[in-house]
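Subject: Handover of a structure and notes on its contents

Dear colleague,

Please find below the sequence and the structure that I am handing over to you. My notes on what was found follow directly after them.

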Amino acid sequence: MSNLHVVFRVAEAEYALAAADVLQMESYAGATRVPGALPHVAGVIHVRGRVVPVVDLRVLFGLPATTHGLDARVVVMELHERTVGLLVDSAREVIKLGPEQITAPPKALTEGAQGFVKGVVHLGGRLLLIIDLTRVVGEEAIDGNN
């Protein structure tokens, strides 16, 4: 059995997340900054009648900030009734990945990546990092589990 995954790019790396968690992808035209928000929160956007917070994955992953070009996308996803947008450099691909293709990341990677990466896929000459949405959007803090 294969599962669909949305593939996106942040800097030079490719990441993937389950398409079942993705509501839609939007072009990024900027976000309204929120005073006092965490540094990795780019702000909020209006998507189909909802105000959605946007997490800039470059900032969250400790990468240099950039001016987002025409390829930048907000991947709007939902996790436990919480809607969040992930600001990425580009997102244009959906692929099928079977569970047997996903391997556990090396320990050094999970420690260095603050638990953001929960799996690795070697696909031809490509290396995809499967992100852990719970860690990326901070859902564990809402649930009280760290």
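**Overall architecture**

The secondary structure of the chain consists of 4 helices and 10 strands. Please bear in mind that this is a predicted model. From one end of the sequence to the other, the elements follow the order β-β-β-β-β-α-β-β-β-α-β-β-α-α.

The chain has 146 residues, and 44% of them are buried.

Strand β4 covers residues 41-47 and is mostly covered, with 5 of its 7 residues buried. Its partner is strand β5, residues 50-56; the two pair in the antiparallel sense over 6 bridges. Within this pairing, valine 41 has valine 55 in β5 as its bridge partner. The hairpin leaves 2 residues between the strands, and arginine 48 adopts a positive phi near 45 degrees there.

**The aromatic residues**

The structure holds 3 aromatic pairs. In one of them, the ring centres of phenylalanine 8 and tyrosine 15 are 5.8 Å apart and the planes meet at 20 degrees; planes under 30 degrees apart count as stacked, so this pair is a stacked one. Phenylalanine 8 has a relative accessible area of 2% and is therefore buried. Tyrosine 15, at 9% relative accessibility, also counts as buried.

Tyrosine 15 forms a further aromatic pair with phenylalanine 61, with 5.3 Å from centre to centre and 40 degrees between the planes, an arrangement classed as tilted. This pair links distant parts of the chain: tyrosine 15 belongs to strand β2 (residues 13-18), whereas phenylalanine 61 sits in the loop between α1 (57-60) and β6 (73-79), and the two are 46 residues apart. Both tyrosine 15 and phenylalanine 61 are buried.

Which residues make up the aromatic cluster? Phe8, Tyr15, Phe61 and Phe116 together form one cluster.

With kind regards

Methods:
Residues are numbered from 1 along each chain as its sequence is written. This is a predicted model: local features need pLDDT of at least 70, side-chain atom pairs count only at pLDDT 80 or more; totals for chains, interfaces and linings use all residues. Side-chain values use heavy atoms; hydrogens and water are left out. Buried means under 20% relative accessible area, exposed over 50%, partly exposed in between (1.4 Å probe, protein chains only). Two strands pair if DSSP finds at least two bridges between them. Rings of Phe, Tyr and Trp (its six-membered ring) pair if their centres lie within 6.5 Å; planes under 30 degrees apart count as stacked, over 60 as edge-to-face and the rest as tilted.
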